[in-house]
Amino acid sequence: MKNLPKDLIAFLESNFTLKGGRVGIDKKDKNIDSKFNNNRNDKIIESRFNNSLESNNLSPTHRPTLLTITPIKVEISSDGTKKYLFQTSDNLTFESVFLKMKDKTRDKAGKIIKGEKYTFCLSSQVGCSVGCAFCSTAKGGFVRNLSSGEIVQQVLLLKKDNNLDANKSVNLVFMGMGEPLLNLKNVANAIKILSCKDGLNIAPRRQTISTSGIAPQIEKLGAMELGVQIALSLHAVNDNLRSELIPMNRVYNIAKVLESLKKFPLKSRNRILFEYLVLKGKNDDLDSAKALVKLLNGFKAKVNLIPFNPHENSEFERPDSKSLEAFASFLCERGITATIRESKGLDISAACGQLREKTLKNK
Ligand code: SF4
């Protein structure tokens, strides 16, 4: 613990305590303590957390009380995507998604030459106040911020449930429920825990904060120099359509948001990720692609084209693959890296907020 900054120790003490009020494994439980001490390379928090789940040999009075979120539902897609619905200790629900991005690659002799890759999509709030027109989470409004502990626990539980050991690195994206920059203090503390060598040791460059474009908060995040990546949900090339899709655009329009992103500190190999939700007949034409190239002039940019995933009662439609490919090629030919996001979990409630909405309706 001594390598952790003081504010993180305070955080751990309030979120990861034994019933006796101490951080870590109680010395009276000698077996656990020596097992822990023999594995100094294990990530400290992760070891304690996993021990706490498995420590049947701990007496109930010494069992840690750090689990404050519980998975109450898991939907599993045929492509391996898993959507978790978590319940908090005050009976609220929110979601996280486990995505398997790549399988193991083996050489002819069967030796693994590339490991599998995983991405966890994390929530930062219960509900959301931003009110995006295409989002199920927006319909329920904002309820409360998630604490740093609740954010960190999503990672621990997803790793644990999918048998990923402490040394398996994962990518984290704050693209689940909520606007992370409206809960910046807790999100930043969680990132410090997740990145810290004595924490989960997940490199900051593997963590991406996705924002709807809260310009002053983008600047605050940049000033914190956490080393994380940033993604902007741009989705439109003019303020009329963007305000229709993301009402926050009426406060921080495209020009203001891009201005704040210009000041964001980027490591040499990093780029700003611009997410562009492609909606049939709304923003999937080549005039929009042309305007996008103009807007991104001067940025080290990467564009992620996300074909809209229709859900119950949504007023938008999925674009056809021809117009998507033409859009992507137009950007690539003009020197902008553009990828089309592969749809994952189409057979489950994979879009943000869908599983929670469905569960609330059935209650
Ligand atoms: S898309 Fe994100 S920012 Fe927009 S309402 Fe949904 S959760 Fe909030």
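This is a predicted model: local features need pLDDT of at least 70, side-chain atom pairs count only at pLDDT 80 or more; totals for chains, interfaces and linings use all residues.

**The sheet and its surroundings**

Ten strands make up an open sheet of mixed pairing, and their order is S1-S2-S3-S6-S9-S10-S11-S12-S13-S14. At the edges stand strand S1, residues 69-76, and strand S14, residues 337-340; each has a single partner strand, so one side of each is left without a neighbour in the sheet. On average, neighbouring strands of this sheet are turned by 25° against each other, with direction ignored.

The chain has 363 residues, of which 40% are buried. Among contacts with a separation of 6 or more, 67% are between residues 24 or more positions apart.

Strands S1 and S2 pair in the antiparallel sense over seven bridges, and Glu-75 stands opposite Lys-83 in S2. The two strands form a hairpin with five residues between them. Within that turn, Gly-80 has a positive phi of about 95°. The next pairing is again antiparallel: strand S2, residues 82-88, is joined to strand S3, residues 93-102, over six bridges. Here Tyr-84 has Ser-96 in S3 as its bridge partner.

In which sense does S12 pair with strand S13? The sense is parallel, over seven bridges, with S13 spanning residues 301-307. Strand S12 itself, residues 272-278, is mostly covered, with five of its seven residues buried.

I turn now to the interior. In soluble globular proteins, nonpolar side chains tend to be buried together. The largest nonpolar core in this model has 74 residues. Which of its members touch the most others? They are Phe-120, Val-155, Leu-172, Leu-194, Phe-274 and Val-303. Let us take Leu-194 from that group. Leaving aside neighbours within four places in sequence, Leu-194 is in contact with Val-152, Val-155, Leu-172, Gly-199, Leu-200, Ile-202 and Gln-207.

Next, Phe-134. This residue lies in the loop between strand S7, residues 125-127, and helix H4, residues 136-139. Is Phe-134 buried or exposed? Phe-134 counts as buried because 20 other C-beta atoms lie within 10 Å, and 20 is the number at which a residue is called buried. Not counting residues up to four places away in sequence, Phe-134 touches Leu-245, Leu-277, Phe-308, Ser-314 and Phe-316. Phe-134 and Pro-310 are 176 residues apart in sequence, yet their C-alpha atoms are 9.0 Å apart in space.

A second pair of this kind involves helix H10, residues 286-295, where Ala-291 lies. Ala-291 and Ala-236 are 55 residues apart along the chain, and their C-alpha atoms are separated by 9.5 Å. Ala-291 is partly exposed, with 15 other C-beta atoms within 10 Å.

We come to the ligand. Twelve residues surround the ligand, and the closest are Cys-128, Val-130, Cys-132, Cys-135 and Ala-138. By class, this shell holds seven nonpolar, four polar and one charged residues.

Finally, I draw your attention to two asparagines. Asn-163 has a phi near 55°, a positive value in a residue other than glycine. Asn-163 is placed in the loop between helix H5, residues 148-161, and strand S9, residues 171-174. Asn-201, likewise not a glycine, has a positive phi of about 55°. The loop that holds Asn-201 runs between helix H6, residues 184-195, and strand S10, residues 207-211. How do their surroundings compare? Asn-163 is exposed, with 7 other C-beta atoms within 10 Å, whereas Asn-201 is partly exposed, with 18 such atoms within 10 Å.

Thank you for your attention.

Methods: Residues are numbered from 1 along each chain as its sequence is written. A residue is near a molecule or strand if its C-beta atom, placed from the backbone, lies within 6 Å of it. Ala, Val, Leu, Ile, Met, Phe, Trp, Tyr, Cys and Pro count as nonpolar, Asp, Glu, Lys and Arg as charged, and the others, Gly among them, as polar. Helices (H or I, at least four residues) and strands (E, at least two) are DSSP runs, numbered from the N terminus. A residue is buried if 20 or more other C-beta atoms lie within 10 Å of its own, exposed if 12 or fewer, and partly exposed in between; C-beta atoms are placed from the backbone. Two strands pair if DSSP finds at least two bridges between them. Axes are lines fitted to C-alpha atoms, for helices over the stretch in contact, and angles run from 0 to 180 degrees between N-to-C directions. A nonpolar core is a set of buried Ala, Val, Leu, Ile, Met, Phe, Trp, Tyr and Cys residues joined through C-beta atoms within 7 Å. Two residues are in contact if their C-beta atoms, placed from the backbone, lie within 7 Å.
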